[in-house]
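Please view the sequence and the model together before turning to the points below.

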Amino acid sequence: MIDRISPTVRPAQKPAGWQKWRDLLFLHWPVPTAVLRPLVPKSLELDLHEGVAYVGVVPFKMEGVRTRWLPSPLAFTFLELNVRTYVYRENQPGVYFFSLDAASSLAVWAARQFWGLPYFRANMQLKPTGDSFLYESNRYGSNAHHRVKYRLGPPLGPSEPGTLEFFFLERYLLFVERQRQLYLGQVHHQPYPAQTAEVLELDSGLFESVGLPTESSRPPIAHFASGVDVEIFDLRRVCPSPK
């Protein structure tokens, strides 16, 4: 049985770094498991909600990003966007990233060098437009673009275990495959202050860029969170990936 509560508990160790995640828009589409399965390492199982697999696109802002050896005044801020799905190993549920875009060359280099994450440099902006927000990302040298205009809806409060919101938002573990080895990372933060969101406009080439079918013409399931302060913990090797 998948344990969805233990990962929410803070590890008893010193963080490797700190970040502030702000203005997070969570967009999710159901995807057939037969399409998704070949894109995920064999050492991981697809994590389903009521028998359905999902792929998420999450644009947001990173603030106060620093490692434990970097003083607070030198922390930096940039926009980020990730394409992800949900997996588990044994009883541990987590996130598997297909791609991550960031408006920071240093962040891209560091994440690739030290975490083995598939980061890419992109030109990005987030701006208010009346009662809505516009988030745009264009990856350099690629058609992996994303443009979404959205409006915030009513607050939902912290997500309850067993709900779709908890399944999407309350993820504290991530899996990374590096040189045929599987690694596990963990973060810790307070539960997201979730609220609904309404997508007004959407144009994206992110699914195609990671080998997925074009996003459904059906509007995505959308949620928003104003932000959380996050502790980041070191990766640890889990097991070799099957050949």
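Is Glu136 buried or exposed? Glu136 is buried, because its relative accessible area is 18%, where buried means under 20%, exposed over 50% and partly exposed in between, for a 1.4 Å probe and protein chains only. The model is a predicted one, in which local features need pLDDT of at least 70 and side-chain atom pairs count only at pLDDT 80 or more, whereas totals for chains, interfaces and linings use all residues. Residues are numbered from 1 along each chain as its sequence is written, and side-chain values use heavy atoms, with hydrogens and water left out.

**Confidence**

- The protein chain has a mean pLDDT of 93, and 98% of its residues reach 70 or more; pLDDT is the predictor's confidence in each residue, from 0 to 100.
- Within the protein chain, confidence is lowest in helix α2 (residues 105-115), with a mean of 89, and highest in strand β2 (residues 45-46), at 98.
- Helices (H or I, at least four residues) and strands (E, at least two) are DSSP runs, numbered from the N terminus.

**Strand pairing**

- Strand β5 (residues 92-102) pairs with strand β9 (residues 173-178) in the parallel sense over 2 bridges; two strands pair if DSSP finds at least two bridges between them.
- In this pairing, Val95 stands opposite Leu174 in β9.
- β9 also pairs with strand β10 (residues 181-188), in the antiparallel sense and over 6 bridges, and Glu177 stands opposite Leu182 in β10.
- A hairpin with 2 residues between its strands is formed by β9 and β10, and Gln179 in the turn has a positive phi of about 50°.
- β5 is also joined to strand β6 (residues 119-129) by 3 bridges, and these two run parallel; Leu100 has Tyr119 in β6 as its bridge partner.
- β6 and β7 run antiparallel and are joined by 8 bridges, with Asn138 in β7 as the bridge partner of Asn123.
- The hairpin of β6 and β7 has 2 residues between the strands, and Gly130 takes a positive phi near 70° there.
- As a general rule, side chains in a regular strand alternate between the two faces of the sheet.

**Salt bridges**

- There are 12 salt bridges in the structure, a salt bridge being a side-chain nitrogen of Lys or Arg within 4 Å of a carboxyl oxygen of Asp or Glu.
- Glu136 forms one of them with Arg147, and the closest N and O atoms are 3.4 Å apart.
- This pair links distant parts of the chain, with Arg147 in strand β8 (residues 145-157) and Glu136 in strand β7 (residues 132-139), 11 residues apart.
- Arg147 counts as partly exposed because its relative accessibility is 30%.
- Arg151 and Glu198 meet through their side chains in a salt bridge of 2.9 Å, N to O.
- Arg151 lies in strand β8 and Glu198 in strand β11 (residues 194-204), so this pair ties together parts that are 47 residues apart in sequence.
- Both partners are partly exposed: Arg151 has a relative accessible area of 28%, and Glu198 has one of 41%.
- Lys61 and Glu63 form a salt bridge whose closest N and O atoms are 3.8 Å apart.
- A network of salt bridges links Arg4, Asp47 and Arg171.

**Pocket and cavity**

- The largest pocket holds about 1000 Å³ of space. On a 1 Å grid over the protein atoms alone, a pocket is an open set of points with protein on both sides within 12 Å along at least five of seven lines, a cavity is a set where a 1.4 Å probe fits but cannot get out, and lining residues have an atom within 4 Å of a point.
- Grid points are joined across faces, edges and corners, and a volume is the space filled by probe spheres set on the points.
- The largest pocket is lined by 44 residues, and Gln19, Val65, Ala111, Trp115 and Ile232 lie nearest its centre.
- α2 supplies the largest share of this lining, 7 residues.
- The lining of the largest pocket has 33 nonpolar, 5 polar and 6 charged residues; Ala, Val, Leu, Ile, Met, Phe, Trp, Tyr, Cys and Pro count as nonpolar, Asp, Glu, Lys and Arg as charged, and the others, Gly among them, as polar.
- The structure holds 1 cavity of 30 Å³ or more, and the largest cavity has a volume of about 70 Å³.
- Residues lining the largest cavity include Arg4, Glu170 and Arg171.
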